[in-house]
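Here's a quick tour of the pockets and charged pairs in this one. Have the structure open and follow along.

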Amino acid sequence: LDAQLRNQMRAEIILLRKKLDTTFIYVTHDQTEAMTLADRIVIMKDGYIMQVASPAECFDMPANLFVAEFIGAPKMNIIKTKLVKENGKYYVTPFGVKIEVTGEKGAELAKRGVEPGEVLLGVRPEHITLAKPGEGIATRLEVNEMMGSELHLHVYTEDETRLIVRVPTISLTKEQREGMTYGAPLNITFEGKVMHFFDPETEKNLLCD
């Protein structure tokens, strides 16, 4: 089906389920359909169940790296970095920039007694923001996808790590938008409360049981 008809059909299926008031089992490879139609999602890989949870739980607390990258569009950015602990607080050091883990994520790391070391850091594209020149993480712009209400910016760090950033167009001036061309320098940052942490060997979420 074309995009417009797919959107219409999703709404029709939701209304049909409410009218019939019964259980539906809906199989799809489209994570957007799963997120919008389901009360609970069973995410599978190679015949094995990766996670069973509500759409919000799968998005906010993915059980492992596979779920983290599958749920959300564009998919979650994954960064190899170190988790360090100083004076009872946790920090990550992506690309040489020290960022404190704050909010519930910092408290949960402390509660679980997570040991410092190598981690896979996950940050969703919509949780990355543009920083002032000279601040945050230095990158260069490679691809600028105009999506209407937002831009999908494909940027590369100095060590050639590729990241995707979602920026609402309403938050940008005309000059900023016109300056986002191939090779343009962009500084980005993100808050400690939006981070996800995965074990590099098991790929399990360090904050999930």
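Sorted by residue type, the lining of the largest pocket comes out as 16 nonpolar, five polar and five charged residues. Keep in mind that this is a predicted model. The largest pocket has a volume of about 700 Å³, and 26 residues line it. If you want to centre your view there, go to Tyr26, Ala38, Arg40, Ile41 and Val42, which lie nearest the middle of the largest pocket. As for the elements around it, helix 1 (3-20), helix 2 (31-37), strand 1 (41-45) and helix 4 (65-70) are the ones that give two or more residues to the lining.

Now for the second largest pocket, which holds about 210 Å³ of space. Its lining is made of 13 residues, with Asp60, Met61, Glu104, Lys105 and Lys193 lying nearest the centre. By type, that lining splits into four nonpolar, three polar and six charged residues. Helix 3 (55-60) and helix 5 (103-112) each supply at least two of the lining residues. Which element gives the largest share of this lining? That's helix 5, with four residues.

On to the charged pairs. How many salt bridges does a search of the whole structure find? The search turns up 11. Here are three of them, with N to O distances:

| Pair | Closest N to O distance |
|---|---|
| Lys75 and Glu69 | 3.9 Å |
| Arg166 and Glu126 | 3.6 Å |

Start with the salt bridge between Arg166 and Glu126. Arg166 sits in strand 10 (residues 162-168) and Glu126 in the loop between strand 6 (117-123) and strand 7 (128-131), so this pair ties together parts that are 40 residues apart in sequence. Arg166 is partly exposed at 22% relative accessible area, and Glu126 is partly exposed too, at 28%.

Glu160 counts as partly exposed, with 45% relative accessibility, and Arg140 is partly exposed at 29%. There's a network to look for as well: salt bridges with shared partners join Arg6, Asp30 and Glu33.

That leaves Lys75 and Glu69, another salt-bridged pair.

Note on methods:
Residues are numbered from 1 along each chain as its sequence is written. This is a predicted model: local features need pLDDT of at least 70, side-chain atom pairs count only at pLDDT 80 or more; totals for chains, interfaces and linings use all residues. Side-chain values use heavy atoms; hydrogens and water are left out. A salt bridge is a side-chain nitrogen of Lys or Arg within 4 Å of a carboxyl oxygen of Asp or Glu. Buried means under 20% relative accessible area, exposed over 50%, partly exposed in between (1.4 Å probe, protein chains only). On a 1 Å grid over the protein atoms alone, a cavity is a set of points where a 1.4 Å probe fits but cannot get out, and a pocket is an open set with protein on both sides within 12 Å along at least five of seven lines; lining residues have an atom within 4 Å of a point. Grid points are joined across faces, edges and corners, and a volume is the space filled by probe spheres set on the points. Ala, Val, Leu, Ile, Met, Phe, Trp, Tyr, Cys and Pro count as nonpolar, Asp, Glu, Lys and Arg as charged, and the others, Gly among them, as polar.
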